[in-house]
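Here are my notes on the model you sent.

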Amino acid sequence: MKVTKKQLYKRQTTLDEVGEIGQQKMLQTHVAIIGCGGLGSAAAVYLAASGIGHIHLVDYDVVDPSNLHRQIFYTINDVNNPKVDVLANHIASISPFVEVATTNKAVSKENIVTIIGAADYVLDCTDSLPIKYLINDVCVLQNVPLIYGSLYKFDGYVSSFNVKISESERSANLRDAFPTISKEAIPNCSQIGTLNTIVGIIGLMQANEVLKMVTGTGKALVNKLLIYNSLENSQYKMKLKNTVSREKVQLIFEEENYLDLNCEIQDESLLISAKTLRQKLSFGEASQKLHIISVIENSNVKHPFQVHQKIPLSKFKMIELNFDKNNEYVIVCNKGISSYIATQKIKAVHPHLNVLSLKNGITNY
């Protein structure tokens, strides 16, 4: 069945605040969505259905079964397929007047400028702290508005950063809210979990920010960071001021590498494979000196073997740990990232201790 633009967007153009002029503005707008997980997939579909004419989907990952509870535009049949391709096909099926471009690569300092390209707005829908700062800094340097979204368990955060106030002034950006990248390990939703509804709420709030700014309707979250708690339905707006200059951001960009530990090449000498660990656990009395520590945030996660200690990485404090130099230690987590961080911390203080991280985590054990 063929549909016309008039039919597809009738309920929007009926609004006096949108009308045919507002709808035409949407069709002429370019949006880059970086991260096509829970936030990005929801925002992308709603923006496409609203008639945002040009959408660039950016994500390096494939659909995983664990994604499906909160990334509801993917199905079981999409597992192992690139998220950008699945999402682009879905958009084509609901909004044929939208042009969709895809980039199936991880965002880095080397390609971020090209990825942002001619975007009028950028949506940060990632779950990587260093990458969030990279996106923010490049948007500041390229004078592109950034619609920020992030999650922590039942809380969501939304803001419209770097929005043009006047010819010489831009609104606050991420570094005005949080000046530096935290050196502490901050777990993402795959590590600590999240309720699927908060993911959809925040993704739609990001899409809503774009629609408001394109049509000039309502008040965007400019110089404000909205903090929404889904359990209490409470909202708090943190006021922001633009105090970090573009020149300072330029200096930071030149010095910072924005490396994400999820993409870090791990030192094989600090790793133990699942096969080797299984062998060690089968050695009977010899395995009694093997001490396994889990650093998974959710203490209720079921482990495939006996765990001697459970210490969430966010509460991992070296001064509170006592190690026996005669024991062998294996640190485990879901995917082998948090455990590798913990192993590095231990080795830094106890370089001669026999401690290893389970490669690829218990998910692949």
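This is a predicted model: local features need pLDDT of at least 70, side-chain atom pairs count only at pLDDT 80 or more; totals for chains, interfaces and linings use all residues.

How many disulfides does the count come to?

1. **Cysteines.** The count comes to zero disulfides. A disulfide is a covalent bond between the sulfur atoms of two cysteines. The cut-off used here is a pair of cysteine sulfur atoms within 2.5 Å. For C36, the closest cysteine sulfur is in C125, at 7.8 Å, and that is too far for a bond. Seen from the other end, C125 is in no disulfide either, and its nearest cysteine sulfur is that of C36.

2. **Burial of these cysteines.** Are C36 and C125 buried or exposed? C36 has 0% relative accessibility, so it counts as buried. C125 is buried as well, with a relative accessible area of 7%.

3. **The sheet.** Five strands make up an open sheet with parallel pairing. The order is β11-β15-β14-β12-β13. Which strands stand at the edges? They are β11 (271-272) and β13 (309-310). Each has a single partner strand, so one side of each is left without a neighbour in the sheet.

4. **Strand β12 and its partners.** β12 (residues 290-294) runs parallel to β14 (residues 328-332), and five bridges join them. Within this pair, I292 stands opposite V330, and S294 stands opposite V332. β12 also pairs with β13 in the parallel sense, over two bridges. There, K310 of β13 is the bridge partner of S294.

5. **Cover over β12.** How many residues of β12 are buried? Five of its five are, and the strand is mostly covered. Both faces are covered. L290, I292 and S294 lie on one side, H291 and I293 on the other, and all are buried.

6. **A helix pair.** Two packed helices are described by the angle between their axes and the distance between the axes. For α7 (residues 129-142) and α11 (residues 246-255), the angle is about 130 degrees and the axes are 9 Å apart. That makes α7 oblique to α11. The crossing of α7 past α11 is left-handed. Which residues make the contact? From α7 they are L134, D137, V138, V140 and L141. From α11 they are R246, V249, Q250, I252 and F253.

7. **L195.** This residue sits in the loop between α9 (189-192) and α10 (196-215). L195 has 38% relative accessibility, so it counts as partly exposed. What does L195 touch, leaving out residues up to four places away in sequence? Its contacts are H69, K153 and F154. The C-alpha atoms of L195 and D155 are separated by 9.4 Å, although these residues are 40 apart along the chain.

Terms used: Residues are numbered from 1 along each chain as its sequence is written. Side-chain values use heavy atoms; hydrogens and water are left out. Buried means under 20% relative accessible area, exposed over 50%, partly exposed in between (1.4 Å probe, protein chains only). Two strands pair if DSSP finds at least two bridges between them. Helices (H or I, at least four residues) and strands (E, at least two) are DSSP runs, numbered from the N terminus. Axes are lines fitted to C-alpha atoms, for helices over the stretch in contact, and angles run from 0 to 180 degrees between N-to-C directions. Angles under 35 degrees count as roughly parallel, over 145 as roughly antiparallel, 65 to 115 as roughly perpendicular and the rest as oblique. A crossing is left-handed if the near helix is turned anticlockwise from the far one by less than a right angle, and right-handed if clockwise. Contact means heavy atoms within 4.5 Å.
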